[in-house]
Structure formats: C-alpha cells, structure tokens
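Q: Could we go through this structure together, step by step? I would like to begin with the overall picture and then turn to details.

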Amino acid sequence: MGSTFILKVRTSLKSSQLFFHHGRPAFSSLQPPWALSMCSTEPSLTLGVRRIHRSSSGQTKSGQTEGQGGVRNSAIRRGEEDGAVNGGGDKRSAPWQRIHKSVFSAGTAKRTADILRRKAPLVCEDKDEEEPERRTARGAGRVQPPEQPLPSSEWKKLKESQGNPPRFEIQMMKALFISGGELDVAKSLLTFVATETGTLSYELLLRYLTLCVSSGHDAEVFDVYDIMRGSFPSLDTGASSLFIKAFSRTARWREALNILQELKKTFSPSSRNYGDIIAAAMQHGDTSTAWALYDELIDNGLSPHQETWETLFKVAGKKEGEEGMSAMSQAEQQERHLGILLHMRNNQIYPQQSLASSIKSWFESLTGQEWTGNWTTATPKGICRSCGSELESIQLTAEEYQQLKDRVMTDIIEGQDVFTKTTPEELQRFKLFVKRKPAFDVVVDGLNVANINKDKSKQSETLLVVVSELVDRQGLTVLVLGRKHMLRPSRSWDRHNMNLIQQKAHCFFTDNISEDDPFLLYATLHSGNHCRFVSRDLMRDHKACLPDGATRRLFFKWQRGHQLVVDGHVTAGRRVRFQSIPTYDTIVQTSGGNSWHIPYDDTEDRSTYEVPQHWLCLNKKL
C-alpha cells in the first residue's frame, strides 16, 4: 500500500513492454504447468496440494479413513451389555448373532489395518525405520532461503553461487512458503527479480500471493491484486480462489462477489469459493446474500464444506441493522437450517463433531422454544439411550425394495459390462435355476466364505461349517454359490465335504472365470426382502454402477440390513458367529419436528463405507 517495494514493481512492470505480447505474459500462459493443481475446483493454500479423499477400495488397507477425532467404540461396548439381537427376517431368534463390531462401524477398517500391521514381518518395520534417512537425503539439496531481506546485489551473488539456475526465484519463493519465511524476504526477492528482468512472471506472483494469503497479510494481497489485474487480461482459478479467500475475511469482502462473478464466466467456482463468501456475508449480517449463494452452490450440484454449514448455524440470529441489512426472521432462518438437516438426510451426510455442536447450540438458542440436546448412542434394537424413542428401521419399505431391485437388475445384473463377468448363457441358466427353487433365506458366497481360513487345506471344511450352522442349527433355506473348480477333489476341496454341502443346501457352480457377485445379488434380491447374504465383500464396485446417489444410498441401506459377515475363526464342531446386523438406519431423522436424531462423526477412523456410532439427540419441550 504505497510501499517502496510496490512502487519499484509497478515501475519495472510499466517500463518493460517486451514481457507482454498482445496483452499476455511471456511466461507461456496464464496457467503455468506448476499451477495446474492450483486451478482445480478445490484450491489449497499449500501451493496446490489438494486434500485427497481417502479411498475406500479395501477394508484392510491402512490409512483409508475419514472423519473427525474423538471417542471410539463406546457404542459397541455399551451394545455388548444388551445381549444378543435378532438381525431381522429370521425364522427364529438368532443366538449365533452376538453384539460385536461390524464392518460398517466407524473405525473398523482402521483397526483391522492396525492389527495386520502389527502382525507384519519385522523386516517391514526395518524398512520403515530407514525411511526418515532417505527423506533426509532427498531434502538435503533443497534451497535454503535467507533469514533477512537482501539487497538486489546480495540476491544476485546468492543466485550466482548456486550456478544461476533458470528457476531460481520460483524455487526460492517456494522455499519461503514451505519454511514460513518472513514476508519482507519475499518482497526483497521480488524487487531483485523486477530489477534484473524488468518484470514479474505470473507464476512468481501467484506463489507470492499464496504466501501472503496463507500468512494473513491481506493488505499485501490487495496490492498484488492491483498488480495482477493491471498486468494480466484474466486470472486463473488458483489466483481467483486465493483473492476470494483473502477479500472475504476483510471489510472489502463484497469485492469477492465480483471476483466470483468473473470466475463463473470461464470456470465453475468450487464449494470453497462459495463457502468463503457465505461466511463473510453471514459475519457482516447480510444473510440474504449468504443464503442466495448457498442456494446457488446447491443448485450447481456442489456439496458444501462442513465449515460452511458450521458458519450458517453459528452466525445465525444476527441482529438487524448491521451494514444496513435486515436479518431474516427466526422463522425464516429456522426453515433454512432445518433444510440443511434434510439435505444431510437425503444425501447421507454426517456432520463432524464441531458442526454437531453448532447445531446443538443453535437449537438450544431458539427464542421461545425449549430444545435440549444430548450426546448419546443407540441400543442394538435401535432405541435412543437419551430419550428412549425408536430410530428408523434399517429395513426397506416394499416400495424402496422394489425400486432398488429394479435398478440392481438393470444396472448391475444386466448392465453393459455384465458379460465381462459371465456369459449370456450362464446368466440365463442361473435365472432358470433360481426360478425353479423356493425362495432362499440366505445366499452364501462360497469361495469368499471358504477363504476365511488362511489354511488352504481347510477351505471346503470352513464352508461346510458355515453352511451347517445356517441349515442344521437355524433351519434356513440356503443357496451356496461357488465355482466349478470347487467340485474337483483336491487338497483344498475335499470330495466328502463338498458332497455334504450339496446335500444340505442348494448349490450353483459358475464357470471359473465368472464373478460371483452378480449371481449373489440376483438370487438375494429375487428371493425377497427377508433374504440375506453371507460375504466379506463390501460391494463398493457394484454400488458405484448404480445411476444416482439416491439408489446408491438405498443399496447401502439394504446391504447393511442384509449382509452377514462371519465373525472370528471358523472351527469344526463350534458355533459360527456373525457380526451383528443393525435394526436401525444411521441417518439424520426427525419425528414430527419435535425431535431430531443426528448421527455425527467423532472419530478419525471412519471410512466412506462406514457409519458413525454416536448421535446427537434433540428434543423440544411440549
């Protein structure tokens, strides 16, 4: 703002006409290669390093979790006190189904990965111990920025001492950002470059802008904005997003609206772009603008960040008169906020604990309404431990079941890629087979179950024990899906065991190259809403084949209510235990508008296919 540095930069830029060609920077383009990640829909203040959503491609891979830190396992521990539960749809009670962890419970994948890591050979640990040394060696050649601002002559000497590398200033600015260097050092670097070359490249200014925004030097951001707008015909998404973030946290926040409008002409703004301005509008009392932007965000098919929702709940209730804007009435705001909760319900979104706390505070602050919020869990039978009300059932309605069945049959069983997993003849043969059989109670993925035991010589024995549990002890009608190679006597597949399995259960053996899952889904859904299936496969690939989010959520709900997973070791002569099937759905829910039950994230260990175990119970005094 009038500093000597800014004057030097502007003078240098003005005096150099060779740098620009028809109004464009000589630095190749407005989107330099290093800045491609900055031009994503979710720009970060760490030089374009995006936050990667953890994959859920396998339940035992380490690090594949999401969520917010907090207490773990208390719901499960409490559940053990309540005894056994009936998974629903059984012909009799299920003593074999004991309260235990579920593959769908938050943190299960992470805990499993930790157990496997502890069992890994010691050689792996030695490899990990060597890793810091390798990282240190790789980082030894990094550019070390000076601790104090340097005059141009000293910068020149420093550059020459390093062999005059062509990207010296870029690497130095990057090093300043990584090391949290002083802004004055960065300014002196820019002065040196402007003096030496007569100009500043887009890339260098963008890196300097990132440093300013991340360190909260908003006054400097304003200066960079003036320079870049005067020197370049347009801004990329990275620069625009950084300017939106910086302007939104100052009294000049309305200028961020103009930047957003310009951004929309060439790119689609991100959820973060909208969220920054929504937060600014709410904090300055302009609730109308905030909610208009929120509606636009939703209409564009974007998912708001948790921080955006938290701001809307936290700042709600601003008094009238701020910046000349009238606040929305409590009734209007209440309708808006309840709409957020319904959006979470419809999209199976779980608030993090900080957002859940803001929701609780908002309810309890409503004038003239006596709301009370409590942190709680549910019993295995789906009863809220705080208020005693019954949570929604995990079982699909007849309409939901038919809708899901039709979509699965169309998009998974008869989808375009189904015949990469089987043949038309085999699929037709299986359909006729199922049609001739009675409705099944349980469909068993034979190969998946047999592989529970790591001893390959006991595969057929393991499968026989599980089938015997379901047929002999439970009296259920069972279909076992297998592959033809299981019928060839071998060390793994004992002829006697396989004959007993075929005597006890209906069996269908596919070609060895076929996938079992489409057959398993077809038989289970064809048999009716009572039928369940036994498999450790979490079906994520098949869920992804479904055409829309609503159907995928129905599939996940059906899966959690129908999938039996063998729990622990399978040993001949002993009962087989299965992980508990919940009787209730884990979703935001309300009853008559006088109570709300909101499942929330309080753990770092929740993968995308897992559900929280803790709830916020809200009740209105009548």
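A: Let us begin with a definition: a residue counts as buried when its relative accessible area is under 20%. Please keep in mind that this is a predicted model.

Q: What percentage of the residues in the chain is buried?
A: Buried residues make up 51% of the 622 residues in the chain.

Q: And how many helices and strands are there?
A: The chain has 24 helices and 13 strands.

Q: Let us look at one helix. How many residues of H20 are buried?
A: Helix H20 covers residues 459–473. Of its 15 residues, 12 are buried, so H20 is largely enclosed by the rest of the structure. Among the buried ones are Gln459, Ser460, Glu469 and Val471.

Q: Which residues other than glycine have a positive phi?
A: Most residues other than glycine have a negative phi. Asn164 has a positive value of about 50°, and Met539 has one near 60°.

Q: Where do they lie?
A: Asn164 is in the loop between helix H5 (152–161) and helix H6 (168–179). Met539 is in the loop between strand E7 (532–534) and helix H23 (540–544).

Q: Are these two buried or exposed?
A: Asn164 is partly exposed, with a relative accessible area of 45%. Met539 is buried, with a relative accessible area of 1%.

Q: New topic: at what angle do H11 and H12 pack?
A: Helix H11 (residues 254–264) and helix H12 (residues 271–283) pack at about 160°, and their axes are 10 Å apart. Angles over 145 degrees count as roughly antiparallel, so H11 is roughly antiparallel to H12. Their crossing is left-handed.

Q: Which residues meet there?
A: From H11 come Ala256, Leu257, Leu260, Leu263 and Lys264, which meet Asn273, Tyr274 and Ile277 of H12. By class, this contact has six nonpolar residues, one polar and one charged.

Terms used
Residues numbered from 1 in each chain as written. Predicted model: local features only at pLDDT ≥ 70, side-chain atom pairs only at ≥ 80, totals over all residues. Heavy atoms only, no water. Axes fitted to C-alpha atoms, helices over the stretch in contact; angles between N-to-C directions. Helix = DSSP H or I, 4+ residues; strand = E, 2+ residues; numbered from the N terminus. Parallel < 35°, antiparallel > 145°, perpendicular 65-115°, else oblique. Left-handed = near helix turned anticlockwise from the far one by under 90°. Contact = heavy atoms within 4.5 Å. Nonpolar A, V, L, I, M, F, W, Y, C, P; charged D, E, K, R; others polar. Expected span 1.5 Å × (residues − 1). Buried < 20%, exposed > 50% of the residue type's maximum accessible area, 1.4 Å probe, protein only.
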